[in-house]
Amino acid sequence: MIKKILLGLVAIIAVICILASFQSDDMNVTRSATTTAPPATVFKIVNDFRQWDAWSPWAKKDPAMKKSLEGPPEGVGAIYKWSGNSEVGEGSTTLVESKPDEKIGMKLAFVRPFAGTSDVQFTFTPEGSGTKITWAMQSKKPFIGKIMSMFMDCEKMCGDQFLEGLANLKTLAEAAPKA
């Protein structure tokens, strides 16, 4: 009986691994929101790591998270490092591109819960008297990520957090003093 159960478990694991191998290697998450604030206002908030705790959805998930800044506090070369609970993990974000009022590019490096890297972009497109903010992330899925994506919608989970962050960013930008 135990032998049959073990063979059944091995067969289930084998099927899961085979199905996972056919999953896409790429993960792409993109969400957008519109604010009445001008691109310069939104850009200034995102480009400055000292302001991230005011709008980041992850800062609220672990208020005791340890954070540090390296390099300049804003613009290319700025680095934000964090280490927190199981919901936020540990890693760093490095600004690698900063085009005023247009785009910010980042390299996201995770240490835990799983090691990995992602490319992140924020774009700020004038829309009427306001701004369309687009937050996008691209990464390669490791094999364990492919298996996990069979049981949970990682794109939706990240996307929901992006939407929360964009809503917070919108509120912050609209409350900022007018230039």
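Which residues is Phe122 in contact with, leaving aside its neighbours within four places in sequence? The views below start there; keep in mind that this is a predicted model.

**View 1. Around Phe122.** Once neighbours within four places in sequence are set aside, Phe122 is in contact with Val46, Trp52 and Trp55, then with Glu102, Lys103, Ile104 and Met106, and finally with Ile133, Thr134 and Trp135.

**View 2. The largest nonpolar core.** At least two residues each come from β1 (26–35), α2 (39–46), β3 (79–83), β5 (103–112), β6 (116–127), β7 (130–140) and α5 (154–175). The largest share belongs to α5, which puts in 6 residues.

**View 3. The open sheet.** Here are 7 strands with antiparallel pairing, and reading across gives β1-β7-β6-β5-β4-β3-β2. β1 and β2 (66–70) sit at the edges with a single partner strand each, so each has one side left without a neighbour in the sheet. On average, neighbouring strands are turned by 15° against each other, direction ignored.

**View 4. Where β6 meets β7.** These two strands run antiparallel and are joined by 10 bridges.

**View 5. α2 over the strands.** This helix lies across β1, β4 (90–99), β5, β6 and β7. Against β6, α2 runs at about 160°.

Note on methods
Residues numbered from 1 in each chain as written. Predicted model: local features only at pLDDT ≥ 70, side-chain atom pairs only at ≥ 80, totals over all residues. Heavy atoms only, no water. Core = buried A, V, L, I, M, F, W, Y, C linked by side-chain atoms within 4.5 Å. Buried < 20%, exposed > 50% of the residue type's maximum accessible area, 1.4 Å probe, protein only. Helix = DSSP H or I, 4+ residues; strand = E, 2+ residues; numbered from the N terminus. Contact = heavy atoms within 4.5 Å. Pairing = 2+ DSSP bridges. Axes fitted to C-alpha atoms, helices over the stretch in contact; angles between N-to-C directions.
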